[in-house]
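Please keep the structure in view while reading.

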Amino acid sequence: MKLIYEKSQAGRRASAVPRHDELPRPEVPEELRRSELPRLPEVPEFELVRHFTELSTRNFGVDTGFYPLGSCTMKYNPRINERLAALPGFARLHPLQEEDGAQGALELMWRLQEILAEVTGLDAVSLQPAAGSQGELTGLLLVRAYFAARGEAEQRRKVVIPDTAHGTNPASVTMAGYELTPVRTDARGNIDVDDLRGKVDEHTAALMLTNPSTLGLFDENIEEIERIFNGAGALMYYDGANLNAVCGISRPGDMGFDIVHINLHKTFSQPHGGGGPGGGPVAVRGILEPFLPVPAIVRREEGGFGLDFDRPQTIGKVRGFAGPFGVFVRSYAYIRMWGPRLREMSEAAVLNANYVLARLKGAYDLPFDRLCTHEFVLSAKTLKREHGCTALDVAKRLMDYGFHPPTIYFPLIVPEALMVEPTETEAKETLDAFCDAMLAIAREAAEEPELLKEAPHHRPVRRLDEVRAVKRPVVKYGFGEHPVTKGEAKAVVTEAPQGV
Amino acid sequence: MAAAESYPEELRYHEEHDWARIEGDEALLGITWFAADSLGELVHFEPPEAGSSVTKDQSYGEVESVKAVSDVIAPLSGEVLEVNRQVVDAPETVNEEPYGNGWLVRIRLTDPGEADALLDAGAYRQLLASQ
């Protein structure tokens, strides 16, 4: 497909304005005038529309197909969410609107806070953080403020993180000024409690744990872990990345966690495939409430809802205004759609993942052979050893079958990892088609490995040179010097084979 | 071109997939073929500063591929005498020649006795087979 610049013809215009020979020339001072015209593409309007419409058809999203990207919870975003978020009373609200003109929005935020407190089993919520990573940093700043208020800030410098954690965890620890204490995973995929015991003491500020972990496994020793941290006077932080597995089933607060961040865009649906918008509210135990960001959304005793800035011990603001409001509307709509049956959302996510796992575990390696939660991690280790086909090859071949590949090469402790998360929204027929494709690919690896190594064969572009893309990225049009792209498939997109 | 798998007999190995080529009171440090192959083609090497000290079993730099960023663990303690600029400029050198031009740093050993705790090529191969 040509770039819009390559379609450009000098003098073509997307719109015509009336001739203006009779009008006086505008008086723009000489020094403010351009010496050369800007180098913009020149195309008629219909060409412009066709160009971007064609580009949009090259996109792959939850709206076009199955997207089992592990750890990202690519669940379907119901259209009702968009309809509600577009209501003028929500969409046209100004963030500086007076409270009495924004009561509906404030009430929605307050109700969302109440729901999140119930789901996490904690006491107070701040909706302000804009994403999971910012929720993590906010949570750790709360840990710091808490220990500073107790005079233990200098003493407690360490945060414990298992080796299965998302990369954002150690990054947040470092940004918050803490030192990282890594802890190993045992043979069943739990935190290695013996390793942990020797690493938690009076210098420990907190644990950061994703439970279920990035392996899709619920930590079987969570009560023992809670005793270890409680005994050392340290706090426990729950990374809510995998909250989709446990809503209405178990609560982080009941497991002993003091702080939880919730990824609204994952657990409670958003159109989040394009990198946003995100929402990373933080829920905390009562002892940490005084330190939460301002403004707090409160229900006033005299009736109505408002913004409370009077929190003298607050860590301050972590984002502009009250947070990503459109995200709140969509997630609130999604939660209310499930209503008291919210537990079924998580149960369906867990059931779907275990169904897919049961069908695939004979054909791929399963490093931790347990029932999984909402996602699971397979390995292409044997495929690589016996046929030279890697997890990357499997992922690329899946694209030929019309599926978005799962997450690969994460978590890092599993070689040739393939991390699959089907979510609760998919039908059995879709799951079966995906499993059929994965099983067919495992057979192809044995019979015709080149099919995998050279995949994808039926997509608009073939295997991309990712190393070159990192080292010599081309991020703008170079006009005369623009590099000629090689290895692009013919413009005709052939039909992808269906699952067999 | 990525190198073929090998673990030279004259090197000492650390279980975190690092090697040391000890010559007198100095050593060249690098990552093993297994580490380079697991990461895939390297796109970046974040080296320590010349003159800084490295401590056995601790990270002294980072290597990055399209897949992951990984700490580089020091198999021995010492002072950094030289950083391999060829790897900084062309990190793929590590994939091409992990034990030759793909060395990462040259250090002066502060405790040569530490080498006794490292693995020989046979023991390192056994470690890989058990994983």
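## Confidence

What is the mean pLDDT of chain B, and what percentage of its residues reach 70 or more? The model is a predicted one, and for chain B the mean pLDDT is 95, with 100% of the residues reaching 70 or more. For the model as a whole, the scores are ipTM 0.75 and pTM 0.88.

## Overall form of chain B

Chain B contains 4 helices and 9 strands, and, read from the N terminus, these elements follow the order β-β-β-α-β-β-β-β-β-α-α-β-α. Chain B is as compact as a globular protein of its length, because its radius of gyration of 13 Å is close to the 14 Å that the globule rule gives for 131 residues. Along the principal axes, its C-alpha atoms occupy a box of roughly 35 × 35 × 20 Å.

Of the 131 residues in chain B, 38% are buried. Among the contacts in chain B with a separation of 6 or more, 65% are between residues 24 or more positions apart.

## Contact between the chains

Where chain A meets chain B, 7 residues of chain A are in contact with 6 residues of chain B. On the chain A side, the touching residues comprise 5 nonpolar and 2 charged ones, with no polar residue.

In soluble globular proteins, nonpolar side chains tend to be buried together. The largest nonpolar core here has 118 residues, and the members that touch the most others are A:Ala206, A:Ile259 and A:Leu418. Helix α14 of chain A, residues 428-447, supplies the largest share of this core, with 8 residues. A second, separate core of 32 residues includes B:Leu29, B:Val43, B:Tyr99 and B:Leu118.

Leaving aside residues up to four places away in sequence, A:Leu418 touches A:Tyr364, A:Leu378, A:Ser379, A:Ala380, A:Ala391, A:Val394, A:Pro406 and A:Ile408.

## Helix α13 of chain A

Helix α13 of chain A, residues 391-400, is largely enclosed by the rest of the structure, because 9 of its 10 residues are buried. Among the buried residues are A:Ala391 and A:Val394, together with the charged-type names A:Asp393, A:Lys396, A:Arg397 and A:Asp400. The buried residues of α13(A) pack against β11 (407-408), β12 (417-420), α14 and α15 (450-453) of chain A. After α13(A) comes A:Gly402, which has a positive phi, near 90°.

## Strand β6 of chain A

Strand β6 of chain A, residues 259-262, is covered on both faces, with A:Ile259 and A:His261 buried on one side and A:Val260 and A:Ile262 buried on the other. Strand β5 of chain A, residues 235-240, runs parallel to β6(A) and is joined to it by 4 bridges, whereas strand β7 of chain A, residues 282-284, runs antiparallel to β6(A) and is joined by 3 bridges.

## A buried position in chain B

B:Ile107 lies in strand β9 of chain B, residues 105-109, and counts as buried because 26 other C-beta atoms lie within 10 Å, where the cut-off is 20 or more. Not counting residues up to four places away in sequence, B:Ile107 touches B:Glu26, B:Ala27, B:Leu29, B:Val54, B:Gly78, B:Glu79, B:Val80 and B:Leu81. By contrast, B:Leu128 is 21 residues from B:Ile107 along the chain, and their C-alpha atoms are separated by 26 Å.

Note on methods: Residues numbered from 1 in each chain as written. Chains lettered and ligands numbered in written order. Predicted model: local features only at pLDDT ≥ 70, side-chain atom pairs only at ≥ 80, totals over all residues. Contact = placed C-beta atoms within 7 Å. Helix = DSSP H or I, 4+ residues; strand = E, 2+ residues; numbered from the N terminus. Rg over C-alpha atoms; globule rule 2.2 N^0.38 Å. Buried ≥ 20, exposed ≤ 12 C-beta atoms within 10 Å, placed from the backbone. pLDDT = per-residue confidence, 0-100. Core = buried A, V, L, I, M, F, W, Y, C linked by C-beta atoms within 7 Å. Pairing = 2+ DSSP bridges.
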